[in-house]
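Dear colleague,

Here is the structure I promised to pass on to you. My notes on it come after the model, and I would be glad if you read them with the coordinates open.

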Amino acid sequence: MLWDMDAVIFDMDGSLVDSMWLWKAIDIEYLGRYGISLPEDLQSRIEGMSFSETAVYFKEHFPIPDSLEEIKAAWNRMAWDKYMHEVPLKPGIPEFLNGCRENGIRLGIATSNSRELVENVAEVHNLRAYFTSIVTGCDVARGKPSPDIYLEAARQLEVAPARCLVFEDIVPGILAGKSAGMRVCAVEDAYSLQSREEKKALADYYINDFRGLFISEG
């Protein structure tokens, strides 16, 4: 899948790190502060939205007194401890990143999450040296499934979209990468198991994890 690819662009949550589970927990806790029960279909309604778009959705659909900035600040505070202590990298990521670097493949992140959290995750897992581009959904006009975030990542990496490989774990992200004219590899994640067949149908490739994608010749 890396043949003729000059860059690899990762979604973060569910693709680079095993973190999709924590956002439902945060939604339950945050809405519970105001006596609001979590709607069963909330995750499917906000899937792919940027951090800012999700805050707007909460403000428009729930009786929350917090401002948009207060909502996002609360989410950052609630998420940070979990990212620091409870969120691991996806299996095989360190070896895969080293393999990309050794083969001259440029690396970027394109995430719907906040810049504060993605920068903190990069710090905790010592990823800063690998990635030359980090783009968040708040940096572009439209979140996933629109292609904006991946096109911006390719622009920053100075690589043509057709020579970028995207790793994504949810359907809106896969659609975003394909709409950007990139090859897309879907990543197995417990959060999106119900979409496994749809992900396989939409993506160019499908992996369970990143182990063994680079085979040492030594």
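Predicted model: local features only at pLDDT ≥ 70, side-chain atom pairs only at ≥ 80, totals over all residues.

Residues are numbered from 1 along each chain as its sequence is written, and side-chain values use heavy atoms, with hydrogens and water left out.

I begin with helix H5, which spans residues 93–102; helices (H or I, at least four residues) and strands (E, at least two) are DSSP runs, numbered from the N terminus. Ile 93, Phe 96, Leu 97, Gly 99 and Cys 100 of H5 are buried, where buried means under 20% relative accessible area, exposed over 50% and partly exposed in between, with a 1.4 Å probe and protein chains only. These residues lie on the same side of H5 because they cover an arc of only 160° around the axis, the arc being that of the directions from the helix axis to the C-beta atoms. The buried residues of H5 pack against strands E1 (7–10), E2 (106–111) and E4 (164–168), with contact meaning heavy atoms within 4.5 Å. On the face of H5 turned away from its buried side are the exposed residues Glu 95 and Glu 102. After H5 comes Gly 104, whose phi is positive, near 70°.

The next element is strand E5 (residues 183–187), which is mostly covered, since four of its five residues are buried. E5 runs parallel to E4, to which four bridges join it, and it also runs parallel to strand E6 (residues 205–207), here with three bridges; two strands pair if DSSP finds at least two bridges between them. Ala 186 of E5 is the bridge partner of Glu 168, and Tyr 206 in E6 is in turn the bridge partner of Ala 186. The chain crosses from E5 to E6 through helix H9 (residues 196–202), and this β-α-β crossover is right-handed, a term that applies if, with the strands pointing away from the viewer, the path from the first strand over the helix to the second runs clockwise. E4, helix H8 (residues 171–179) and E5 likewise make a right-handed β-α-β unit.

Which residues line the largest cavity, nearest its centre? The lining has 24 residues, of which Met 20, Trp 23, Ile 46, Met 49 and Ser 112 lie nearest the centre. A cavity is, on a 1 Å grid over the protein atoms alone, a set of points where a 1.4 Å probe fits but cannot get out, and lining residues have an atom within 4 Å of a point. Helices H1 (20–32), H2 (42–46) and H3 (51–61) each supply at least two residues of this lining, and the largest share, four residues, comes from H1.

Two loop residues complete these notes. Ile 36, in the loop between H1 and H2, is buried, with a relative accessible area of 14%. Leaving aside neighbours within four places in sequence, Ile 36 is in contact with Leu 31, Phe 62, Pro 63 and Ile 64. Ser 192, in the loop between E5 and H9, counts as buried at 2% relative accessibility, and, not counting residues up to four places away in sequence, Ser 192 touches Asp 169 and Lys 199.

With best regards

Methods
1 Å grid on protein atoms, 1.4 Å probe; cavity = no way out; pocket = protein on both sides within 12 Å on 5 of 7 lines; lining within 4 Å.
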